Amino acid sequence: MTQTPSSGPPSGISYSPSGPQALGFVGLGHMGAPMAANLLRAGWAVTVWNRSARSVNDLAKQGAKAVDRVAELRDHNVIIFMLPDLDFIAEAAEPLFDSWRAEPPAPGTAVVVMSSVSPQAVKVFGETVAQASSGNASVVDAPVSGGTVGARNGTLAIMAGGAAADFARVRPALESMGSTVRLLGGLGSGSLAKACNQLLVGTTAAALAEAAELAERSGMDVDALFEVLSGGLAGSAVMQIVGPRIAAKDYTPTGPAKFMHKDLGFVLDSAQAAGSAVPMATAGHALYGTLKEQGLGDLDLAVVRESIARLA
């Protein structure tokens, strides 16, 4: 029998007879595969779907069940999506929605969007889910920060948005993948928090890349510079994780840099809706747009250094 995660279900929440440990997971890329693996290690019964078979086979060897169609996840208590963007999620989920339109799922079904998506668009997606499920399913947006290292180690920061009761249902699963899990408000709040996170990560990585290029072109050792800077106010998790790759000019993908352009676009959209000025996000969005035009978008975020070097 599958063991329930140590965090256990929150009190006052009822689950279907299959138990809270049964969930579906869609999207097994750089982030999704290790996240699903951590769910398996925590004792969850995980059923997976992915376009390519390799990641599915790897997870199956670790105890996951594989399905050929997303619609086969229709009766799971929790269905997690970790695909590149909301358009991909909506396309993958349409057969599931068709199944729900024919026969609604159990009340309390939760759809968890863990990708970085538009705060405005995920609210519309929530309406689609509610309509397709006759109100029996709801959405929690729960994007993550921490990169592939955090995904492998189960130390992701997870920013959630949605109704409190919906968050309570999915929180034990989220805590199996992250060390910091927080509900920040209604649906869309998690995605807005992730947009703010990306504003900090994207502009900090760009600043580190600028500093590295300036130092190296001036005859300074970049590793030595980053070592001394990390001991002062300039030190950050971005410097610790991305800094060594920037210094070494190691652009092996851990996550495509092109997604930063998308995420900073969400910052601009949210700022326009809120009437907030975002000059750093505006500059960063333009820089990562240039990076994509230079054909560097599929490489690691650290490749922003190469983009800046080409501008010289």
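Arg-305 lies in helix H13, residues 304–311; helices (DSSP H or I runs of at least four residues) and strands (E runs of at least two) are numbered from the N terminus. The model is predicted, so local features need pLDDT of at least 70 and side-chain atom pairs count only at pLDDT 80 or more, while totals for chains, interfaces and linings use all residues. Residues are numbered from 1 along each chain as its sequence is written, and side-chain values use heavy atoms, with hydrogens and water left out.

Arg-305 has a relative accessible area of 0% and is therefore buried (under 20%; exposed is over 50% and partly exposed in between, with a 1.4 Å probe and protein chains only). Its side chain makes a polar contact of 2.7 Å with the side chain of Glu-213. Such a contact is a pair of N or O atoms within 3.5 Å; within protein, one must be able to donate a hydrogen and the other to accept it, and residues adjacent in sequence count only if both atoms are side-chain atoms. Leaving aside residues up to four places away in sequence, Arg-305 touches (heavy atoms within 4.5 Å) residues including Glu-216, Val-222, Ile-246 and Tyr-251.

Elsewhere, 6 strands form an open, parallel sheet in the order S3-S2-S1-S4-S5-S6, where pairing requires at least two DSSP bridges between two strands. The edge strands, S3 (65–66) and S6 (137–141), each pair on one side only. Strand S4 (78–81) is joined to the parallel strand S5 (109–113) by 4 bridges; Ile-79 has Val-111 in S5 as its bridge partner.

Helix H1 (32–41) packs on this sheet, touching S1, S2 and S4, and its direction makes about 170° with that of S1. Axes are lines fitted to C-alpha atoms, for helices over the stretch in contact, with angles from 0 to 180 degrees between N-to-C directions. Helix H3 (86–102) lies across S2, S4, S5 and S6 and runs at about 160° to S4.
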